Amino acid sequence: MYRSAYQKGFLTVLYSVGSSPLEKWSSYTKNGYIKRIYDEDIKSLVLEIMGSNVSTTFIHCPSECKEQLGIKLPFLVLLIKNMHKYFCFEVKIQDDQRFMRRFRVSNFQSKTSIKPFCTAMPMGMSPGWNQIQFNLADFTRRAYGSNYLETVSLQIHANVRIRRVYFTDKLYAEAELPNEYRLLGKPKDLKKPEKQFKVPPTARPPSPLNTARGEGAVKAKKPEAVVQESEPEAAPEIKKEPSLSISVGVASATAAAEPSVAADEPPTQTEATEEAYY
């Protein structure tokens, strides 16, 4: 059925929101019902399977008994809701020994039972919606000592509400899942609230040019320029080479200051000044 399809990432076999979610499934009901209803918890349409007997009300994929799913993805994920009643599902797989193995998972099983062709195991569910991840390759290796090849069929019994059933090539984190594969939709972006704490432009101090006394503020800057011109010439000498680093600039400033001190008080220049004086 899916053997010739491209199998990588996510492969959905049941989606309750689609136009015909049970198109590839066959349904069996006795003293029960299978219908699509609206769930208030997740605000979405879901498929509900309810019956007085778990074994007589279920859905099976593929719809034809002679067909096989042929899904090679090793992880089965079910988004289901705990209805606080008996519930179970069965997965039929094929291993590298060409044997058909069956895994039956239920919430009323108390112990794990391993038989040559069927393994029954318990399952615990929390109240509300649950995401059940079933590692088919790991259970096949631990139960039968063989390698998982593909999934042959899937059967879901009452009593449960189903949002989506899909296979994956690995276990994905919640942040890596697409929006339609999450129960609660897209997670909140933590970076958006930070933008609300930025200071608005109106809260900043006004510019002197925008105020009514802007001209007076500009005139006040003129004495600062006069003070800078009256400073000694040693400061402009440091700024002659802006491309140099700090360490190199300091060394060049000290080297330029030493010759100026030596030129003021040489021994020959002092004797000449004394003769001119007397």
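Strands are DSSP runs of at least two E residues, numbered from the N terminus. Keep that in mind while touring this predicted model.

Start with strand β3. It covers residues 32-39, and Y38 lies in it. Is Y38 buried, partly exposed or exposed? Its relative accessibility is 43%, so Y38 counts as partly exposed. The cut-offs explain the label: buried means under 20%, exposed means over 50%, and partly exposed lies in between. Together with V17 and L45, Y38 forms a nonpolar patch on the surface. The three residues share about 240 Å² of accessible area.

Now turn to the sheet. In what order do its strands run? The order is β2-β5-β12-β7-β8-β10-β9. That makes 7 strands in an open sheet, and the pairing is mixed. Look at the edges next. There stand β2 (26-28) and β9 (113-114). Each has a single partner strand, so one side of each is left without a neighbour in the sheet.

Strand β10 covers residues 118-122. It pairs with β8 in the parallel sense, over 5 bridges. Take V105 as an example: its bridge partner in β10 is M121. A helix joins the picture here. Helix α1, residues 136-144, packs on the sheet. Which strands does α1 touch? The helix touches β7, β8, β9, β10 and β12. Its direction makes about 110° with that of β8.

The loops hold some details of the backbone. Begin with cis peptide bonds. One joins C61 and P62, with omega about 5°. P62 sits in the loop between β5 (58-61) and β6 (75-82). Another cis bond runs from A158 to N159, with omega near 5°. Where is N159? Its place is in the loop between β12 (148-157) and β13 (160-168).

Finally, look at positive phi angles. H84 has a phi of about 60°, although it is not a glycine. H84 lies in the loop between β6 and β7 (88-95). Is H84 buried or exposed? Its relative accessibility is 61%, so H84 counts as exposed. R98 is not a glycine either, and its phi is positive at about 65°. Find R98 in the loop between β7 and β8 (100-106). R98 counts as exposed because its relative accessibility is 59%, and the cut-off for exposed is over 50%.

Definitions and conventions:
Residues numbered from 1 in each chain as written. Predicted model: local features only at pLDDT ≥ 70, side-chain atom pairs only at ≥ 80, totals over all residues. Heavy atoms only, no water. Helix = DSSP H or I, 4+ residues; strand = E, 2+ residues; numbered from the N terminus. Buried < 20%, exposed > 50% of the residue type's maximum accessible area, 1.4 Å probe, protein only. Patch = residues over 30% accessible without salt bridge, like charges linked within 9 Å, V, L, I, M, F, W, Y side chains within 5 Å. Areas by Shrake-Rupley, 256 points an atom, 1.4 Å probe, with all protein chains shown as cover. Salt bridge = Lys/Arg side-chain N within 4 Å of Asp/Glu carboxyl O. Pairing = 2+ DSSP bridges. Contact = heavy atoms within 4.5 Å. Axes fitted to C-alpha atoms, helices over the stretch in contact; angles between N-to-C directions.
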